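Work through the two exercises below with the sequence and structure at hand. Each task is followed by a solution in steps.

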Amino acid sequence: MIWLSENIEFPPYEFTTEDGIIALGGDLSENRLIFAYKNGIFPWFSEGEPIVWYCPFERMVLFPDDIKVSKSMRKIINKNQFTITENKAFKEVIYNCKNIDRSDGLGTWITDDMEQAYINLHNLGVAKSIEVWSGNELVGGLYGLEINNIFCGESMFSKISNASKLAFIHLAKNKKYKLIDCQIYNEHLASLGAREIKREYFLDILKA
């Protein structure tokens, strides 16, 4: 396993392990994170662990034209019960992604350092959020990075049923991205039209 130095660089892709790990260590500086995402690499680790950098062989993605909107979701959208905004409450979105209770246990990987790192990227205009409101209450949302006309999704949350779906559908239908990167396989996102593609194909689109 290759440990990163202070230099902002990553090993060649062929060094990736079977688990999709390409390197360990380094930092969460804005420059390193942006460089990583531009090369299809993202951090994923738990509190107390070294930073683990991934570049999996299979990449879960959504091509926006493939978004699946069920009849029940169309009814919810048409009722106009919720207000959807962009980049109005980034800190609140990432806070909820980090702290909301999840039956699958996901979300706990957002450490304090990770949270601050993405807030820093948001302040630079690189990290973006979609918010779903019921009146004045934030009930769902998602966040990620905008890289080369691709949205690199990081996490989403719902306080009520379907709120994160609304954010994801809005992202696919309204933001003109070539691709939404969902990183690794997830049944929930698969039901919305996301699928796995080969890493090489993903990198070709990312770097085009």
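**Exercise 1.** In which crossing, left-handed or right-handed, does α3 pass α4?

Solution. The model is predicted: local features need pLDDT of at least 70, side-chain atom pairs count only at pLDDT 80 or more, and totals for chains, interfaces and linings use all residues. Residues are numbered from 1 along each chain as its sequence is written, and side-chain values use heavy atoms, without hydrogens and water.

Step 1. Locate helix α3 at residues 90-99 and helix α4 at residues 112-123 (helices are DSSP runs of H or I, at least four residues, numbered from the N terminus).

Step 2. The two helices pack at an angle of about 155°, with axes 10 Å apart (axes are lines fitted to C-alpha atoms over the stretch in contact; angles run from 0 to 180 degrees between N-to-C directions). α3 is therefore roughly antiparallel to α4 (an angle over 145 degrees).

Step 3. The crossing of α3 past α4 is right-handed (the near helix is turned clockwise from the far one by less than a right angle).

**Exercise 2.** Identify the residues in the contact of α3 with α4 and sort them by class.

Solution. Step 1. From α3 come F90, K91, I94, Y95 and K98, and from α4 come D112, E115, Y118, I119 and H122 (contact means heavy atoms within 4.5 Å).

Step 2. The contact of α3 with α4 has 5 nonpolar, 1 polar and 4 charged residues (Ala, Val, Leu, Ile, Met, Phe, Trp, Tyr, Cys and Pro are nonpolar; Asp, Glu, Lys and Arg charged; the others, Gly among them, polar).

Technical notes. Parallel < 35°, antiparallel > 145°, perpendicular 65-115°, else oblique.
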